[in-house]
Amino acid sequence: MVQSKKITVWVVIRTILLLIVVLSILYPLLYMVAVSFSSNHFIARNEISFYPKGFHLETYKVVLKDDRIFMSYKNTIIYTVVGTAIALLFTTITAYGLSKKNRLPFYGVINSMLIATMFFSGGMIPAYLTMVNILKLYDNIWAVVLPSCISTTNVIIMRTFFTQFPLEIEESGRIDGLTDVGVLWYLVLPTSTAIMATMGLFYAVGYWNAFFTPLIYLKSQSKLPLQIILRQIVMRSQHEDFAALFASGDKIIHEDSIKYATIFVATAPIIAVYPWLQKYFVKGVMIGSLKG
Amino acid sequence: MKRILAVLLVMMLALSLASCVKTGGDSTTQPSATEPAGETLGTVFGPDVELTVMIGSHAGYPYDENWKIWQYVKEAMGGKITIEAIMDSWDTKVSLIMTSRDQLPDVMHVATKAGVDKYALDGAFVSILDNLDKLPNFKKWMDTCEESAAYINSRKSGDGNVYHFPTYGLHTINNIRTWMYRVDIFEKLNWQLPKDWNELYELGKKYKELYPDSYPLASRENLNKLSQFGPQWKPYMQNKFYYDFVNEKWSYGITEPEFKELFLMYKKFYDEGLLPVNILTMATNDWTSLVTTDKVIMFNDYIIRIDMLHAAGRPGNPDFTVAAFPPPKGLSASATTLLPKTNSEYTGYVICNTGKLNRVANAFKYVDWFYSEEGSELTSWGKEGETYEIKDGKRVYIKDANNTPVRNLYGVGTYGLYQLVDVESNEAAYSEENVASARKVLNWLEDKFNPYEWLALNEEETLYKQQYEANFDAYVNEQLAAFFLGERPMSEWDQFIQEVRKMGLDEMLKIYDAAYKRASQ
Amino acid sequence: MKAGIANKSIGTALPGKLSWGQLQLKKLKDGKFLLLLVLPAVVYYILFKYVPMWGILIAFKRYSPFKGFWGSNWVGLQHFKMFFSGPFWWRCVRNTLLLSLYSTLWSFPAPIIFALILNDVQNMKFKKLVQTVSYMPHFLSTVVVIGLLYMFLSPNTGPVQKIMVALGYQKMDIFAQAKYFRTLYIASGIWQSLGWSAIIYLAALTNIDPALYESATIDGANKFQQLIYITLPSIAPTIIIMLLLRLSHILGVGFEKAYLLQNDANHETSDVLETYVYRIGISGANYSYGTAVGLLTSVINLFFLFIFNGISRRVSETSLW
């Protein structure tokens, strides 16, 4: 650990390696932004490398005016907010209940029931048939939100966190006449903001990025979330024509810049938010993996 | 703490209620069957009829609820018409919807006969011919149009019923595919059109030498394109199942020696750079930009692409011109100069078996309207002064300043909006030079359709086909791609044919043979 | 892991000699509110996880939606026979296992190495920057990652091909070539998870007692020796647990990514069990057949899980249960 300050070969190699990691992550973003601001002429000739050429904002005007993108953005925000709220509620109460291993009736049965689903599932088609035919969840917000609103892994992470809560405080709360629900609400939750933030982030990212669930459980174009529209725009299949060329005023916009601009618009919120939540999610991951 | 309990209970209640209300709703909100269907209002339905229409949405002309033609349809229908436009993965979406009767729309506009047959024998749709009394306008068309019998016959499903409404009026230009070339480039270079595939290859080579970054012979649609070339090497040949009218037997294209010759030729094009390196995954836009930047000079595609290419190419190059040319003759012994007959339109409405009499009755009324004079007129032309005008005694569509195709502008000829089409209107949707080219191409088509497109299989056969052909087709597609890209050596071709045979090819051929004999009786 | 999932010691933890029934009754009285808290989850798991398991029965029927679950005919093992007599079963299993295996081989060590290197950095600002940046790809959706990949490697406008051509290579359509599928899949996977997966190793590294290093330095051990004799043994338990967790999902390669990277031309390596179920079972409307293949996947998965857990228990006394 104690080292001299002189620059050794290893330090140089190490720094270069880490810089490569950083660049491999930042360059695609930089390139994406550069192309999205560039004009058709330079993109068609594949001349963009680091900064926009023929800078213009028309691409973003087209993207932000696109009804599909706007509507799906709205949908994604709704699904994410509602989904995260429900998921947090369910995960918290379940995890708290399970953290009282010695007092929860049927703990063994319930715990096994949850854990077993981590290793065995009915599979894609029975799950779909159940959702649509038995639960009647199809083509509405609940069909997107409910299938992933309790993650067993997250329950375990939270349960582990709750077991670390000092028992004496809970006991004194109960002596003061609080039920377990009251203890959770008045005593435990106020000290659990960190884990709540972590879980909230995990679920929110999950809902924001969800692709498969909306792919099969949604039908109406007006209900599709951003990721599905993103795929329609960015990875259309080869046999499809795209509606003419994108044009805004008298400027022709290259398809690539539309695609990059769309990706950028879709990811910017998450990229902007995650650095500020770093200390929470790092903690969450550690609880989850080490002691889960 | 009661608060929490309340929240919990409400949540759970709300969830279960939400699902109950959804299921309960259907049966109660239906109008009774005896209700006079809005005749007093001059519409097909009264104001409280609800009807769901599921249609595809083509990426080239994605569904737009503001399209005038849809608005005319909705006006004429009355009631509340909900359009569900499926943007991509139609097969998957339909398959998912088919798992639950509650999710079925009232009518669907299905693009292929196979897409209907897959579910028809399970009872997903309602038979047309058993319900002609509910279809007065359709009946009138049957009685007055000479070709109607043939059209209806080609829509039969394996149980002898017809579920798929035939579309009429699109046979003169839509779906015709042909060889095309860059007229301006040929004139500039003073080149003659190729008469056979050797000359085609030579011209490609010559152009590639002149412009090394060109891909002179690039067509879209990867190796499926070989079906378009099939007849030039052997009459009626396709790359998959087809009926050989000359030898009167069913065959699978790739097993024919002529197919191998064709394949080798196309592979030579690829190996020598006459086709772009990403030909198997090339997007249409990439291809369009190759054509408009003079990198492609000859290709095979839909004839209506002439207008699209002109629109894309002429702003940069006023001379830019694409036209059809007669198919070059193949190099095999049985070569012809013909194109497969593809001027059929297998898209049409089906009525879903929702199990509710009112809904089915309304669905019949809905589709029947498309065969009425009013329906045919409004979907073909729209309204005078709004979507068309009369010039020199002829009807022409009113265009916007950008010369947007009427499909994108009004929705003319988009999914869900054609059943009985005025032939003239269909041609009026394209430029005169495009129509002129199409007229010529009609003479180069073979005389018979590949029965594979419409053949009706019975339940057992359908089951076999459904479970088998998916594997089978996927395997052939992949192996063809592997041979084409050189990942599998051509020396293993015969082995490949044997592999395909082992996977049950002969069984499939027998099935098609039996079904075809049944249908021909 | 162990403490979390093990559940054997409930009864013995409580004092007194009560029968099971009495015990549950007593617990019920004391913990009724706790039960209330977990009740929604119990309902949820029954509806969303256990009812579908019951639906597996359609693998042995010819399920037709219009006949319904009860009305569809039993066909026994027909769908399993069909799968094993078809051309693709071995390829799907092979692709799934190989993809999983190669992924593990490459993307499992990567974050460990990254963590070791990063841990060595003394400049806290630089360390923090690298760390923060490295988390970013974890937050991008699969659609975005694959979308970026497509655009970066596009033969026409992608910057990577531009460099390749400048270096004298031929332009190529990398997505249509089966031999590059795994490379693309795994490389983009590493890109996406490097920083995120390193979190836990970094945490384990900071928990190592600095005194160990100090005494090692005094004894004259060089950095490499310190790595071998102090660092790696200290984080070995973490590594083993992570490896086990990973192997427990050997057949779960992630549908989305394989599906999004797949096209007709690369099926030879890209067709895995999950995409096959989707393509034939869902897109092709062979519901029962798809369910049968899905069931096989689950069963094989379970089989491997038991094996790896058994091995691990013997070798390292660490196990999932």
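Q: In this predicted model, which residue in E8(B) is the bridge partner of Met180(B)?
A: Strands of a sheet pair through backbone hydrogen bonds, either parallel or antiparallel. Here, the partner of Met180(B) is Ala324(B).

Q: Do E4(B) and E8(B) pair in the parallel or the antiparallel sense, and over how many bridges?
A: Antiparallel, over three bridges. Strand E4 of chain B covers residues 177-182.

Q: What is the strand order of the open sheet in chain B?
A: Read across the sheet, the order is E7-E4-E8. Three strands form this open sheet, with antiparallel pairing.

Q: Which strands are the edge strands?
A: An edge strand pairs on one side only. In chain B these are E7, residues 298-302, and E8, residues 322-324. From one strand to the next, the twist averages 40°.

Q: Which helix lies across E4, E7 and E8 of chain B?
A: Helix H12 of chain B, residues 305-313. Its direction is at about 165° to E8(B).

Q: Now the interface. How many residues of chain B are in contact with chain C?
A: The size of an interface is often given as the accessible area lost when the parts come together. Here it is given as residues in contact: 31 of chain B with 30 of chain C.

Q: Which helices of chain B each supply at least two residues to the side that touches chain C?
A: Helices H1 (2-28), H3 (90-97) and H18 (459-485). The largest share comes from H18(B), with 11 residues.

Q: How do the residues on that side of chain B divide into nonpolar, polar and charged?
A: There are 14 nonpolar, 11 polar and six charged residues on the side of chain B that touches chain C.

Note on methods
Residues are numbered from 1 along each chain as its sequence is written. Chains are lettered from A and ligands numbered from 1 in the order in which they are written. This is a predicted model: local features need pLDDT of at least 70, side-chain atom pairs count only at pLDDT 80 or more; totals for chains, interfaces and linings use all residues. Two strands pair if DSSP finds at least two bridges between them. Helices (H or I, at least four residues) and strands (E, at least two) are DSSP runs, numbered from the N terminus. Axes are lines fitted to C-alpha atoms, for helices over the stretch in contact, and angles run from 0 to 180 degrees between N-to-C directions. Two residues are in contact if their C-beta atoms, placed from the backbone, lie within 7 Å. Ala, Val, Leu, Ile, Met, Phe, Trp, Tyr, Cys and Pro count as nonpolar, Asp, Glu, Lys and Arg as charged, and the others, Gly among them, as polar.
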